[in-house]
Amino acid sequence: MTTTVVHERIPEPIGESKPRLDNRKKVTGAATYADDMQFGSGLLYARILHSPHPHALIKSINISRAKALPGVKAVVTGEDFPGFIGLYLQDRHIFCRDRVRYVGDPVAGVAATSEEIAVKAVNLIEVEYEVLEPVVNPEFGASPDAPLVHPQLSEYKVVPFILPQAGTNISNLFKVRKGDVGAAWEKCAAIVERKYRIPHIQHVPIEPHVAIAQVDETGEVTLWGSSQSPFAQRNLIAQALGISQSDMRVVAPYVGGGFGSKAGVSMEALAVAIATKVRGRPVKLRLTREEEFYTAFVRQELISYFKMGCDKNGKILAMENRFYWGGGAYTEYGVNVTRAAGYSSTGPYEVPNVKTDSYCVYTNHPVGGPMRGFGMPEMHTGLEQCIDDLAHEIGIDPVEIRRRNCIREGSILVTGSKMHPTGLPQCIEETAKAIQWGQKASPSAPNKRRGKGTAIMWKAPAMPPNAGSSAWVELAEDGTVTVGLGGQDLGQGTFTVCAQMAAAALGVPYESVRIATPVDTRFSPYEWQTVASRLTWSMGNAVVSAAQDARRQILDLVSEAWGEDPEDLDIRNGVVVSYKSEQEIPLKDMVIYGLPKPNDSGWMGGPIRGRGKFMPTYVTSLDPETGQGERAVVHYTTGSQSVELEVDLDTGQVEILRGASSFDVGKAINPEMVKAQMEGGFVQGLSSALFEEMKMVDGYMQNPSFVDYRIATTTDAPSDLQSVIVEVPQDDGPWGARGIGEHSMVATAAAIANAIFDAVGIRMEGPPFSAEKIYLAMLDAGIVE
Amino acid sequence: MSDLFNVNVTVNGTLYEREVEPRILLSDFLRHDLGLTGTHVGCEHGVCGACTVLFDGNPVRSCLMFAVQTNGHEVTTVEGLGDIDDLHPIQQAFWEAHALQCGFCTPGFLTTLVPFLEENPDPSEEEIRNAISGNLCRCTGYQHIVEAVQLAAEKMRA
């Protein structure tokens, strides 16, 4: 016998792979991206003079020749903008004032009537530098011997949970002290110690950064840009300019890929700053692909040391980890990456004794920003190789050691809190099954070696404890629904998913829901930022709450008009129905004009507008000395990835034959789009594992083009790429959903490294695992001659 | 300023007569002079493929051509592949098969695939992957794109 529990019913279209809302515009070329917006003949073009040195003092700047060039409307330098800017740690000016800290640091800006004139003007600016010794290695940078990149570090404004170390290059230090690591080593039957080095890579959105700024005669600022963070940009740029947030408007049309690079503020502040000097005229700044590589954000580099030990059954007893994050010249997000890596530093394992020191270190490299995974791919790439080595050391299968140690519901986490329900154990089984773990297939040719590898992961949204979302829901005369929200669709599909959630919560067909775009801080409801894979969960909750609010208003009105109990009413397919009286009325007949009162005595109701918000209320602070606390994060998404590959002994080249991903997303609102995230993340992870590295020599990037910095193409991706969804609901997620966008590339590089080891028995210090590097490692190991 | 050159070019079936500077790229000409912003510029050095258009029916990188080179020729951009009410099967397949995310690279994929599917009505997966190996997509991992091409081929054969 079964009983139907109504509140547990998953309504349509939750769990259905609806087509994307933006297909219509994106397959026809009609979608408007920032560079497609038209500003007429008054548009000015901005170019930036970048520092040619990784580290130098500015002795003098002469802009007179540039200013005199016909067509030049403004030339600005750091002199013009004394304010500081920064998300967690305000450590930078919009333009450099006395010192340049990386090759690409903005020194001066020009606005001119054409791009060609702007380029000419930039070349006429004369700057005298006194070159200083650069810091190019984060581990050295953390030492007392390193020159200081920010001598004024102790004077900078900083949020409470970030801890800069005065008189050093350390912009944040996150410590974990849990149990007794020293005593634990004696109980270990096997211990491994490893060092890994993860290079800087870049996000490589196919659309480069674009920003257009205009300041009107009253000082109100409008910024149109390719942006993941319209509201954060409003807040931070307003602060830097010393104006009200309400006088700063950010409009964000379609974004051509972000992956973190378009979060927070980077080049947008430059466009706004220049525009303040040419009031009334829009100023466009568009990065070239070369500028995209090193003048916007890059992913932090990482030098990591792991020590871990287990007992004879493979039970992990202790970990001691040291991370030196190369945060670059300014640590816009790096300080929080460092913190996230600290409070997640055991990986998805229950470890009773932990000591972690996670340092964010200033270097004279490009600015470290958030990138898909927010430190987790960099950390897991080393950690998950170490786990494999530990398994081999103690003689246990690598999948088995993960089964025995992975976090489960109730596990005590690295920060001392308890793990919520998680499907990680199931994910491990799914990917093992998908690549037939334990069965070794023969190589496809005598000169090839075949291997399989697995890695698992966890990641929490890394954000302030009180990052909030809000939403509204309105209905039009024809009963169609428009959802207002402030998060951005970067391609991950959040508009589609939010439309599905609004449709489900309100009781209307998916096809009748629209999203109010573009996101515009003047009209859209507040959203902290489109980062941290938090929108399905956080903004989703706000949208559901707004839709429920609208639904309540509608049902209250109809129940009054019909003299019925609201409990007997429902909205189905855009029609209010009574299960009791079997009356019905389409939404379009009442959501704007209300309903007549009985006996022609007037009207009731009025235009329906639901509103909703969501903010987590339960995240606590952590002890600065031990990293322990009640609840460090909102939740962890977990998962597993496995690969099968071949290594060519003649060339060192790796071919990925099969890939499998499995993640616990709580509830897949749109399963096909969840799979698309898993596939996209897998291939981005594959690309970072095999090809990608910003080759830095003495602070200069050597390969800032698509010719020299290669990303994965169709022929690099395996044709056998499986994605398995696991659903263990999140207690405070909409229908149980939690995020998946970033997680899908966290374990990929480690899984590939483990498979290379399985194939040919070599380990390398870090990616990219290029053919050259593998071949040389095989030579060293005597595998080839 | 350099001399201006006459360009008579048919774009998406419409003849345009324009005077352009010889240094103007085809991509800029399409986007700025003709307002056809569906052609996207991702790298300006001919690698990413986002700016691909059809030149007398063959895919070319519009960031690697000058506008003057199109004089007397035909160009088709994404806007010319189909109308919203009458989409090309490859557009329809991208829509149905979740083959796009941010959509910035999509026009270049579509224009590359139109002549490919005409010449290869029943392509193998390997042929599909090779055909689009010169187009970069950072979002999808290509899997759903490959599936969309297979779906489009089916639609076109039907």
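Modeller: What follows goes from the chains to their contacts, and then to a few single residues. Please keep in mind throughout that this is a predicted model.

Biologist: What helices and strands does chain A have, and how does its radius of gyration compare with the globule rule?

Modeller: Chain A has 17 helices and 35 strands. Its radius of gyration is 27 Å, close to the 28 Å that the globule rule gives for 785 residues, so chain A is as compact as a globular protein of that length. Along the principal axes, the C-alpha atoms of chain A fill a box of roughly 95 × 80 × 50 Å, and buried residues make up 61% of the 785 residues.

Biologist: In which order do the helices and strands of chain B follow one another?

Modeller: Chain B has five helices and five strands, and along the sequence they follow the pattern β-β-α-β-β-β-α-α-α-α. For 158 residues a compact globule would have a radius of gyration near 15 Å, and the 16 Å of chain B agrees with this. The C-alpha trace of chain B spans about 50 × 30 × 25 Å along its principal axes, and 56% of the 158 residues are buried.

Biologist: What share of the contacts in each chain joins residues at least 24 apart in sequence?

Modeller: In chain B, if we take contacts between residues at least 6 apart in sequence, 59% join residues at least 24 apart. In chain A, where contacts with a separation of 6 or more are taken, residues 24 or more positions apart account for 79%.

Biologist: Which domains does the assignment give for chain A?

Modeller: The assignment gives domain 1 (6-31 + 467-614), domain 2 (41-132 + 210-255 + 262-282) and domain 3 (298-463 + 621-780). The centres of domain 2 and domain 3 of chain A, taken over C-alpha atoms, are separated by 37 Å. The contact between these two takes 16 residues from domain 2 and 17 residues from domain 3, and the side of domain 2 that touches domain 3 has seven nonpolar, five polar and four charged residues.

Biologist: How is the packing of two helices described?

Modeller: Two packed helices are described by the angle between their axes and the distance between the axes. In chain A, helix α10 (residues 376-394) and helix α16 (residues 748-760) pack at an angle of about 30 degrees, with their axes 8 Å apart, and α10(A) passes α16(A) in a right-handed crossing. Among the residues that make the contact are His380(A) and Glu384(A) of α10(A), and Ala753(A) and Phe757(A) of α16(A). By class, the contact has five nonpolar, four polar and two charged residues.

Biologist: Now to the backbone: where are cis peptide bonds found?

Modeller: The peptide bond from Thr517(A) to Pro518(A) is cis, with omega near -5 degrees, and Pro518(A) lies in the loop between β23 (513-515) and β24 (519-520) of chain A. A cis peptide bond also joins Pro767(A) and Pro768(A), with omega about 0 degrees, and Pro768(A) lies in the loop between α16 and α17 (771-780) of chain A.

Biologist: Are Asp698(A) and Trp735(A) buried or exposed?

Modeller: Asp698(A) counts as exposed because it has 9 C-beta neighbours inside 10 Å, whereas Trp735(A), with 21 such neighbours, counts as buried. Asp698(A) has a positive phi of about 55 degrees although it is not a glycine, and Trp735(A), also not a glycine, has a positive phi of about 55 degrees. Asp698(A) is found in the loop between β33 (696-697) and β34 (700-701) of chain A, while Trp735(A) is in the loop between β35 (720-726) and α16 of chain A.

Definitions and conventions. Residues are numbered from 1 along each chain as its sequence is written. Chains are lettered from A and ligands numbered from 1 in the order in which they are written. This is a predicted model: local features need pLDDT of at least 70, side-chain atom pairs count only at pLDDT 80 or more; totals for chains, interfaces and linings use all residues. Domain bounds come from an automatic or database domain assignment. Two residues are in contact if their C-beta atoms, placed from the backbone, lie within 7 Å. Ala, Val, Leu, Ile, Met, Phe, Trp, Tyr, Cys and Pro count as nonpolar, Asp, Glu, Lys and Arg as charged, and the others, Gly among them, as polar. Helices (H or I, at least four residues) and strands (E, at least two) are DSSP runs, numbered from the N terminus. The radius of gyration is taken over C-alpha atoms; the globule rule is 2.2 Å times the number of residues to the power 0.38. A residue is buried if 20 or more other C-beta atoms lie within 10 Å of its own, exposed if 12 or fewer, and partly exposed in between; C-beta atoms are placed from the backbone. Axes are lines fitted to C-alpha atoms, for helices over the stretch in contact, and angles run from 0 to 180 degrees between N-to-C directions. A crossing is left-handed if the near helix is turned anticlockwise from the far one by less than a right angle, and right-handed if clockwise.
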